[in-house]
Structures are given as C-alpha cells and as structure tokens.
Amino acid sequence: MNRLAGVTSPYLLQHADNPVDWWPWGQDAFEEARRRGVPVLLSVGYASCHWCHVMAHESFEDESVAGYLNAHFVPVKVDREERPDVDAVYMEAVQAATGQGGWPMTVFLTADAEPFYFGTYFPPEPRHGMPSFHQVLEGIVAAWTDRREEVAEVAGRIVRDLAGRSLTHGGTDLPGEPELAQALLRLTREYDEKHGGFGGAPKFPPSMVIEFLLRHHARTGAEGALEMAADTCAAMAHGGIYDQLGGGFARYSVDREWVVPHFEKMLYDNALLCRVYAHLWRATGSDLARRVALETADFMVRELRTAEGGFASALDADSEDAQGRHVEGAFYVWTPAQLREVLGEEDAVFAAEHFGVTDEGTFEEGSSVLRLSRTAEADDGARVADVRARLLAARELRARPERDDKIVAAWNGLAIAALAETGAYFDRPDLVERATEAADLLVRVHMGDVARLCRTSRDGRAGDNSGVLEDYGDVAEGFLALASVTGEGVWLEFAGFLLDIVLERFTGESGQLYDTADDAEQLIRRPQDPTDSATPAGWTAAAGALLSYAAHTGSEAHRTAAEGALGIVGALGPKAPRFIGWGLAVAEALLDGPREVAVAGPVGGELHRAALLGRAPGAVVAAGEGPDAGTEFPLLAERPLMGGEPTAYVCRHFVCDAPTTDAAELAAKLGG
C-alpha cells in the first residue's frame with residue numbers, strides 16, 4: 001500500500017500513485033523493516049528535480065521494478081526540502097563513500113537507519129558504467145541474504161565515521177582584518193575574469209559571496225571587490241540563467257558562460273539575488289541592478305506567491321513542448337521560426353540579434369535560450385520593450401512548468417528580507433506589503449502558539465516537520481529587515497522569540513551551532529554544517545540575525561552567541577571563501593560594529609530613507625516617533641527630536657556620533 005496520499009509535500013504527492021509501496025519517513029517504516037527482516041530503501045529528492053522525475057518514470061512507475069522493491073524492501077520517500085536534516089546526514093554519508101552526491105539520492109539502510117550502500121540516479125538499463133537500478137536491488141538483496149554480518153559491520157563503521165566528523169568548533173578567534181583580506185585574495189584567484197563568477201561549469205549564482213564583496217567594499221573601499229561583484233551580476237543578468245522575458249533566475253548554468261541554465265527556478269535563489277541586486281544598486285546606482293532587482297521581485301510575487309500570502313518553493317525545470325513531450329526548458333526556449341510566428345519577419349530578425357537566437361541554437365534541437373547580446377544595451381529601448389512584451393504574452397500560452405507550492409519557512413524569510421528592502425529602496429510599497437503578508441503567514445501558521453517554527457506548510461496547513469536552524473536564522477533575518485523598513489516593532493519582538501530558541505536549543509557549550517534542536521528527532525548523528533550550499537548555512541544565518549538583534553537591543557547574550565558562532569568563519573574563510581560567503585558578510589558587519597541607527601521621526605521620511613540606503617555593513621535601523629517608539633525599539637529610547645525636527649542618531653562600538661537632522665549628513669556617516 002502506498003502511504004503518501006494526504007501528505008503536505010508536493011514531491012511526495014508526485015509519487016502517491018506509484019505502484020511502489022512508499023512510506024513517509026518515520027518510525028513506523030523502520031519498525032516494518034524490522035518486523036519483516038528486510039532493508040530500507042531511502043529515496044530522497046525534491047519536486048522540481050529533473051533527474052528525480054526521470055528516475056521516477058523509468059523505475060518507480062514500472063510495475064516489475066515496484067513488485068521487486070515491495071517484496072524485498074521497505075521503500076521510504078523523503079522530500080529533502082521538508083527534511084533537510086535527514087537529507088544532510090545521509091548526503092554526508094554518500095559524499096564520504098563515493099566522493100560525490102546529488103539528487104535523487106538513493107541509500108540502503110538497516111532497520112536501525114544505518115546506511116550501508118549509496119548512490120544517486122540509477123538508470124533502468126546498464127549505462128555509462130553504471131549498473132541498472134534492478135541490478136543494484138538484486139545485489140543488495142543478495143548481500144542482505146548471504147552476508148548479513150558484513151552488511152551490519154559496514155553500517156556500523158559508517159555510523160562511527162560520521163559521528164567522528166562532528167565539529168567541536170573549528171576556530172576560537174573572531175575573524176578579523178587579516179582573515180577577510182585572505183578570503184578576498186583567494187576569491188580573486190578563483191574569479192573568472194572573462195565570464196564573471198567563480199570556478200567552471202556548472203556555475204552557480206554566488207549570491208552570498210557577492211554580499212560579502214559589497215560589504216567589504218563598503219567598509220574598506222576595495223575597488224576589486226566591487227568590480228568582481230558588479231561584473232558577475234552583469235554577466236548573470238545578460239545570460240540565459242536570467243529569464244529575459246519574465247524575470248527571475250534559474251538554478252544554475254550548465255556552462256561557465258551563463259548561457260544554458262538548469263531551468264528550475266527556486267524561491268531561495270531569487271530571494272537572495274533580488275536582495276543582492278538591490279544592494280548593488282545601493283552601492284553603484286546601476287540601472288541594470290535596479291531593473292533586475294525589481295523584475296526578480298515581481299517574478300516572485302507573480303509566479304511564486306500563494307493564495308495564503310506566502311511564497312512557493314519552486315517552478316519545475318520541465319514542461320510540455322508543442323509535441324506534448326515533457327522536457328526540460330520547453331517553456332523558455334525559442335527557435336527563429338517561433339520568433340517569426342509571433343513577431344513577423346522584421347521584428348524576429350531584431351529579436352534574434354538582441355536575444356542571441358541562432359539557427360543552430362544554444363540548447364537542444366535547434367532551440368536557443370534567450371540572453372542579451374553584446375550590443376543589446378545600445379538597442380532601441382522602446383522596441384525592445386514591445387518585442388519583449390509580445391514574446392512574453394505568447395509564452396504565457398505555452399504549457400507552464402509545475403509549481404511546488406509548499407511554503408518553506410527559511411526561504412520565505414529570505415524572500416521577506418528581499419521584498420521589504422527592494423520595496424523600500426524603489427518606492428514600491430506593494431512589495432513591502434507582500435513581505436508583511438508572508439511574515440504574517442509564518443507567524444500564524446508556522447509559529448503557532450509556542451513560537452517554535454515548523455519547517456513547511458501547504459494550503460495554510462502546517463506540516464509535521466520541525467524547523468531547523470536555517471529556518472530560525474533566515475526567518476529572524478526577514479523579520480529584522482521588515483522591522484527596519486516598516487517601523488513596526490512587533491517584528492523585532494518575533495525575531496527575539498526565535499533567536500532565544502536558537503540560544504536555548506541549537507547552541508553547544510563552546511559556541512558551536514547545530515542544524516537541529518536538542519529536542520528534535522535523533523538521527524544517526526546530529527547534523528552540523530557551517531558552510532553555505534544554495535542558501536546561507538543555518539550556522540551563519542543565525543549568527544547574522546543574532547548580531548543584528550544584539551545591535552537593536554543591546555543584548556549581551558545574543559552578541560556573545562554571535563561572536564561564538566563566528567569563530568568558524570575565521571577558520572574557514574581564508575581557505576574556502578566561496579563556501580562561507582554569508583559568514584564572511586556577517587564578519588564584515590561585526591568589524592564595522594554593526595552601526596546602530598535610530599531615526600526619531602516618521603517612517604518613510606527623508607531621514608529614514610537615508611538610513612536604509614546607507615551602505616555600512618549590516619547596519620541596523622530603527623525608525624519611529626511618539627511616546628511609545630522607545631518601547632517598540634530600544635534604540636529609540638531617550639532619542640529626542642532636535643528643535644522639533646526628525647533626528648538621526650548613529651552609534652558604533654559604544655560610541656555615538658552627534659545627532660543630525662540632515663539626510664545628506666546621515667548618508668555620509670553611513671557610506672551612502
């Protein structure tokens with residue numbers, strides 16, 4: 001019996017009609033394996049994963065494969081986005097054993113959840129040196145039947161090895177000027193001067209590293225840091241990784257030139273990049289950065305916002321093409337003939353030149369991914385806008401990619417921060433309102449009555465899985481950004497609730513952080529990873545939120561916890577800066593103070609806007625007026641108006657500048 005009907009995960013629901021007798025993750029599945037004396041097949045993926053779909057169609061929808069699976073295993077399906085803790089623990093085992101990882105992830109476990117054999121995608125027939133999935137299953141059954149003691153020994157050794165990997169800390173000294181300078185030097189060496197970004201193919205958007213580079217430039221004036229950030233942002237915005245018609249970014253580029261993306265669109269990428277481009281505009285005034293920030297924000301609201309006011313997780317890479325085939329990128333790519341059909345001959349020639357559409361194609365079967373040509377910036381803006389609008393309208397008639405509409409707390413926290421700041425910078429109160437609505441949903445549905453976060457929800461119903469550290473850190477970050485923009489102190493209060501739980505439940509004795517709470521489900525090891533993946537590590541996300549909250553409130557406990565967590569950045573930053581970019585960005589805020597800005601005056605006024613546009617790394621802003629302002633924001637306590645005019649106060653390292661009523665003077669104090 002397939003047991004996936006009725007769950008909240010769209011990924012699991014995609015498998016609810018499989019002939020495989022899937023179980024969701026839980027003790028019941030392992031008790032069943034123990035009762036039957038069979039191993040567990042753990043299959044981990046996510047709803048917008050292309051190769052997850054492929055393996056599902058080839059194997060999990062096949063009656064003969066399903067029959068063999070059901071007879072010899074207890075099959076367990078996990079959505080990695082709902083259970084990042086389960087994913088992290090077993091992915092670490094996969095990478096340790098095979099040297100690589102990815103999704104779908106396929107792991108074979110004992111009834112004690114101990115892994116003994118690993119893989120990712122397995123084809124239906126032997127291919128490229130890989131065994132078929134059926135061969136793998138038969139091999140596992142043979143080993144389980146004939147060499148059970150050997151299997152148990154392997155599983156026990158793997159678990160012991162994983163347990164030995166726990167980080168005690170990784171560093172005790174706070175990251176300082178030398179460590180950040182070394183991190184910048186290593187990034188410079190790994191930078192792709194020709195195409196922007198870091199490393200080769202596949203190339204991922206380095207949003208957290210760019211945030212570090214922007215903050216480092218703001219603090220030190222290092223032009224090389226700003227140049228790497230700006231050039232990378234320009235290269236991505238001109239490339240196929242950016243949706244030139246509808247806005248928003250794909251997951252990554254399969255090539256180093258940003259031409260052909262892996263077409264899935266994730267909320268977290270777009271939230272992080274929206275904020276980065278807004279911050280790049282704040283630093284440079286770039287028209288391109290402004291356009292991309294706003295288009296990306298509008299994409300999130302238009303295509304990812306749910307009826308409940310939150311933001312869905314992703315759009316699939318695949319959709320139906322004109323022949324009814326379910327293929328990757330079908331919604332986004334164009335041929336010259338398709339351009340002519342929509343635009344007519346003359347405009348089609350113009351569009352092909354502007355967007356790099358060729359007869360040979362840059363993708364599959366002669367199709368091209370739209371990107372901006374080298375001369376595109378010089379093209380007639382009105383004509384470009386007209387062509388773009390007509391192509392977008394025609395694209396809307398195509399079969400759309402599926403949407404994974406579960407709400408992930410952490411990713412919505414990232415979206416709240418991005419939309420709140422983008423709305424404030426560009427006078428778009430509607431974006432601030434959308435951020436507030438998403439925050440309301442997190443409080444109502446994800447926090448409930450006890451201020452403990454649940455990881456996901458769907459259709460307004462909370463999921464069963466507890467929030468992990470990144471949920472607490474990213475949601476607190478979103479609430480703090482919203483508090484600064486709206487002047488509503490309740491968001492500062494909610495951030496404090498969450499960060500108190502981080503102190504109580506996620507923090508070790510020597511300052512290290514864990515990805516799961518101390519009262520969460522006990523896995524074969526307690527996951528703990530300070531390095532960034534596609535999103536900021538929970539460790540450094542929490543450190544950043546703790547630091548900001550301490551600056552707002554003067555809480556020594558939160559400041560101490562932030563500093564204790566940042567020792568890992570001093571250890572890893574100089575060695576692997578590409579994988580701890582958000583930690584480096586938080587370290588920049590630490591070195592700068594961060595500055596505390598109190599605006600005694602109207603929210604949205606000239607001084608408040610100047611404070612928000614200040615480039616001082618990680619500066620916190622409190623704005624408000626009236627007798628209760630100091631109650632909502634401690635920074636506003638005993639901050640009187642000067643001469644009856646709105647007044648700004650800037651403090652840093654326990655030293656305060658003279659108050660000012662002049663927006664230009666405030667901007668100068670904050671690097672604006």
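Helices here are DSSP runs of H or I with at least four residues, and strands are runs of E with at least two, both numbered from the N terminus. The model is predicted, so local features need pLDDT of at least 70 and side-chain atom pairs count only at pLDDT 80 or more, while totals for chains, interfaces and linings use all residues. Residues are numbered from 1 along each chain as its sequence is written, and side-chain values use heavy atoms, with hydrogens and water left out.

Take helix H8 (residues 177-190) to begin with. Its 14 residues reach 20 Å from the first C-alpha to the last, close to the 20 Å expected at 1.5 Å a residue (that is, 1.5 Å times one less than the number of residues). Leu-180, Ala-183, Leu-184 and Leu-187 of H8 are buried (under 20% relative accessible area, with a 1.4 Å probe and protein chains only). Down the axis of H8, the buried residues fall within an arc of 95 degrees, so they line one face of the helix; the arc is taken from the directions from the helix axis to the C-beta atoms.

Now for the rings. Aromatic pairs number 26, counting rings of Phe, Tyr and Trp (its six-membered ring) with centres within 6.5 Å; planes under 30 degrees apart are stacked, over 60 edge-to-face and the rest tilted. Phe-263 and Phe-363 make an edge-to-face pair, 5.1 Å centre to centre with 70 degrees between the planes. Phe-263 sits in the loop between strands S7 (261-262) and S8 (265-266) and Phe-363 in the loop between helices H14 (345-355) and H15 (381-395), so the pair ties together parts 100 residues apart in sequence. Phe-263 is buried, at 3% relative accessible area.

Note on methods: Buried means under 20% relative accessible area, exposed over 50%, partly exposed in between (1.4 Å probe, protein chains only).
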